[in-house]
Amino acid sequence: MSSLLGAVWNPYGYKLRVILQLICPDRPALVSELSGWVAVNGGNILHADHHTDVGAGLFLSRIEFGIEGFGLPREAIAPAVNALADRLGGQAQLHFSDEIPRVAIFASKQSHCLLDLLWRTRSGELPMQVPLVIANHSQLEPLCREFGVCFECVPMTPASKPEAEQTMLDLLAEHRIELVVLAKYMQVLSGAFLERFPTVINIHHSFLPAFKGAQPYHRAWDRGVKVIGATAHYVTEDLDDGPIIEQTIEHVNHRDEVEDLIRKGRDTERLALARALRLHLCRQVMVYRGRTAVFA
């Protein structure tokens with residue numbers, strides 16, 4: 001069985017692509033200017049998505065183009081993009097399709113989201129490597145061992161939280177982690193942790209902000225809900241209020257018991273988290289002013 005440490009995933013065959021994300025003040029002819037910049041450097045645009053947020057006065061763009069025949073060497077593209085963004089008064093991010101992020105998964109005792117992500121990574125559905133799983137309980141270590149992933153148990157209590165989070169940050173640095181995914185990690189990350197490592201995605205067991213807290217499916221059943229769902233979002237210091245990436249739903253009816261809601265809820269959690277993670281990894285999400293634009 002191959003280890004996820006050596007996973008290689010190329011969503012575009014052998015053709016290297018560049019993904020340019022730009023947010024800038026809106027004005028006429030921006031689409032023309034951006035496509036013209038790619039064209040004048042000999043690039044071929046493969047995908048282009050644009051959105052104007054009229055209320056915010058902002059223009060958002062995601063352009064994907066092939067690097068074959070591009071007039072700038074790879075190392076010179078980022079400085080040229082930064083100069084373009086400065087000229088437009090905006091901010092840009094640049095990514096290459098052969099960059100496979102190193103992702104750490106945080107978990108507790110529930111295995112369904114962790115197992116789903118490890119399987120999707122090994123099967124090539126998610127363009128990432130998972131060299132590290134951190135949990136505050138030890139139950140999931142055998143599962144990680146099956147996938148050849150390093151497992152670290154970092155227990156946490158209110159008194160030990162600062163020390164535990166420092167240990168986790170040290171592990172993230174040691175494994176050169178770029179993104180953290182909370183796969184039913186039943187602890188709240190502190191503001192101090194997020195200040196040092198802000199790129200975190202979480203899965204929540206409802207349509208936020210409904211049914212927060214403990215036993216959400218029991219309270220949903222008590223209320224006789226007809227639709228349950230899950231929300232995947234970026235983590236901020238405001239608990240469960242980070243920018244939303246993906247939401248999924250499942251219909252329920254009067255015959256469903258609490259156990260049925262839990263079973264269906266796990267399905268929505270797995271799917272929402274996998275979809276959100278793929279959107280993030282494929283650079284299809286842009287965050288601005290506490291919300292997201294998802295170019296799916």
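This is a guided tour of the structure, one selection at a time.

**Before you start**

The model is predicted: local features need pLDDT of at least 70, side-chain atom pairs count only at pLDDT 80 or more, and totals for chains, interfaces and linings use all residues. Residues are numbered from 1 along each chain as its sequence is written, and side-chain values use heavy atoms, with hydrogens and water left out.

Helices (H or I, at least four residues) and strands (E, at least two) are DSSP runs, numbered from the N terminus.

**Stop 1: the open sheet**

Select E1, E2, E3 and E4. These four strands form an open sheet in the order E2-E3-E1-E4, with antiparallel pairing. Two strands pair if DSSP finds at least two bridges between them. Strands of a sheet pair through backbone hydrogen bonds, either parallel or antiparallel.

Which strands stand at the edges? They are strand E2 (44-53) and strand E4 (91-96). Each has a single partner strand, so one side of each is left without a neighbour in the sheet. Neighbouring strands are turned by 10° against each other on average, direction ignored.

Now zoom in on E2 and strand E3 (residues 58-66). Nine bridges join this antiparallel pair. Pick Ala 48: Ile 63 in E3 stands opposite.

**Stop 2**

Contact means heavy atoms within 4.5 Å. Axes are lines fitted to C-alpha atoms, for helices over the stretch in contact, and angles run from 0 to 180 degrees between N-to-C directions.

H2 lies across E1 and E4, running at about 160° to E4.

Now look at the two helices together. Helix H1 (residues 30-40) and helix H2 (residues 74-88) pack at an angle of about 160°, with their axes 12 Å apart. H1 and H2 are therefore roughly antiparallel to each other. Angles under 35 degrees count as roughly parallel, over 145 as roughly antiparallel, 65 to 115 as roughly perpendicular and the rest as oblique.

Show the side chains. H1 brings Leu 30, Glu 33, Leu 34 and Trp 37 to the contact, while H2 brings Ala 80, Val 81, Leu 84, Arg 87 and Leu 88. The contact residues of H1 with H2 divide into seven nonpolar, no polar and two charged. Ala, Val, Leu, Ile, Met, Phe, Trp, Tyr, Cys and Pro count as nonpolar, Asp, Glu, Lys and Arg as charged, and the others, Gly among them, as polar.

**Stop 3: Leu 72**

Select Leu 72, in the loop between E3 and H2. Leu 72 is partly exposed, with a relative accessible area of 23%. Buried means under 20% relative accessible area, exposed over 50%, and partly exposed in between (1.4 Å probe, protein chains only). Leu 72 touches Asn 41, Ile 77 and Ala 80, not counting residues up to four places away in sequence.

**Stop 4: H3 against H8**

Select helix H3 (residues 112-122) and H8. Their axes come within 9 Å and cross at roughly 40°. That makes H3 oblique to H8.

Among the residues that meet here are His 112, Cys 113 and Asp 116 in H3, and Arg 266, Glu 269 and Arg 270 in H8. The residues of this contact divide into six nonpolar, one polar and five charged.

**Stop 5**

Is Thr 268 buried or exposed? Thr 268 is buried, with a relative accessible area of 3%. Leaving aside neighbours within four places in sequence, Thr 268 is in contact with Gly 229, Ala 230, Thr 248, Ile 249 and Glu 250.

Move to Ile 228 in strand E10 (residues 227-234). Ile 228 is buried, with a relative accessible area of 5%. The C-alpha atoms of Ile 228 and Leu 261 are separated by 7.7 Å, though 33 residues apart along the chain.

Next comes Tyr 185, in the loop between strand E8 (179-182) and helix H6 (191-196). Tyr 185 counts as buried, at 5% relative accessibility. Apart from neighbours within four places in sequence, the contacts of Tyr 185 include Phe 106, Asn 136 and Met 168.

**Last stop: a hairpin**

Select strand E12 (residues 285-288) and strand E13 (residues 291-294). Four bridges join these antiparallel strands. Val 287 has Thr 292 in E13 as bridge partner. E12 and E13 form a hairpin with two residues between them. Finish on Arg 289 in the turn, with a positive phi of about 50°.
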